[in-house]
Amino acid sequence: MLVSLAPAGLGAERASTMQVTRTEGTVSVSNASGRGVSVRDKMRLYNGYTVTTGAASYAWVALDDTKLVKIDANSEVEIHKNGKSLELLVKSGNLLFNVTEKLKEDETLNICTATMVAGVRGTAGWMGYNRGTSLVSILEGSEYDDALQYGQKGCSPGFAHPYGGDASARQEGR
C-alpha cells in the first residue's frame with residue numbers, strides 16, 4: 001500500500017523546475033490563493049505564485065536550467081505555467097530575463113504587463129511596468145512583441161521601447 005501526504009491536485013499545479021534560487025532584502029511569496037508562504041532559497045514555485053520585492057530587495061528565480069529571471073526592487077511578478085507554456089505577469093516594477101537556449105517549437109515564454117506581451121524565444125533583456133507604461137530593453141538577441149500587430153517596430157539589442165500610457169513607440173539608445 002502506497003500512502004501520499006501530498007494534497008490532491010498538487011501534480012496539476014506543480015512546476016517542479018521553477019524555484020527561488022536566491023533572495024536579497026525583503027522578498028515575499030504568495031500562492032495562487034494569495035496566502036503568504038515562507039520564503040527560502042531553493043523553494044519551489046507553482047502555478048499562480050506571486051513574488052514581491054521591497055526596497056533594495058531582489059529575487060532570482062530559475063524557471064528551468066536555461067531560463068533565469070531577476071526580479072528587481074519594488075516589483076511584483078505573478079508566475080503561470082501550463083505544460084510547456086510559461087507566462088510571467090509583471091504587475092509592477094522590473095525584471096531581468098536571460099534565456100540561454102532557444103525554446104523548442106512546443107514551448108512558450110511570454111512576459112506580460114498590462115500594456116504589452118513579449119514572446120521570448122532565446123534572449124536576454126529587461127522589462128518593466130510603471131504607472132501604465134511598459135518598457136522592454138533587449139541586451140542580447142532580438143525581440144518582437146505584440147506591438148508589431150499595430151505597426152510598431154520590434155526591439156533590437158541596445159535599444160528600449162516604451163509602450164502604453166503616454167509613451168510613444170520610439171527607440172531610445174541605452
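Trainee: Which residue is the bridge partner of Leu-88 in strand 10?
Mentor: In strand 10, Leu-88 has Ile-111 as its bridge partner; strands here are DSSP runs of E of at least two residues, numbered from the N terminus. This is a predicted model, in which local features need pLDDT of at least 70, side-chain atom pairs count only at pLDDT 80 or more, and totals for chains, interfaces and linings use all residues. Residues are numbered from 1 along each chain as its sequence is written, and side-chain values use heavy atoms, with hydrogens and water left out.

Trainee: And how many bridges join strand 9 to strand 10?
Mentor: The two strands run parallel and are joined by 5 bridges, where pairing requires that DSSP finds at least two bridges between two strands.

Trainee: Where is Thr-100, then?
Mentor: Thr-100 is in the loop between strand 9 (85–99) and strand 10 (108–112), and it counts as exposed because its relative accessibility is 56% (exposed is over 50% relative accessible area, buried under 20%, partly exposed in between, with a 1.4 Å probe and protein chains only).

Trainee: Switching topic, how many aromatic pairs are there?
Mentor: The structure holds 2 aromatic pairs, meaning rings of Phe, Tyr and Trp (its six-membered ring) with centres within 6.5 Å, called stacked with planes under 30 degrees apart, edge-to-face over 60 and tilted for the rest. Tyr-46 and Tyr-49 are edge-to-face, at 5.4 Å centre to centre with 70° between the planes, whereas Tyr-58 and Trp-60 are tilted, at 6.3 Å and 50°.

Trainee: Is Trp-60 buried or exposed?
Mentor: Trp-60 is buried, with a relative accessible area of 15%.

Technical notes: Helix = DSSP H or I, 4+ residues; strand = E, 2+ residues; numbered from the N terminus.
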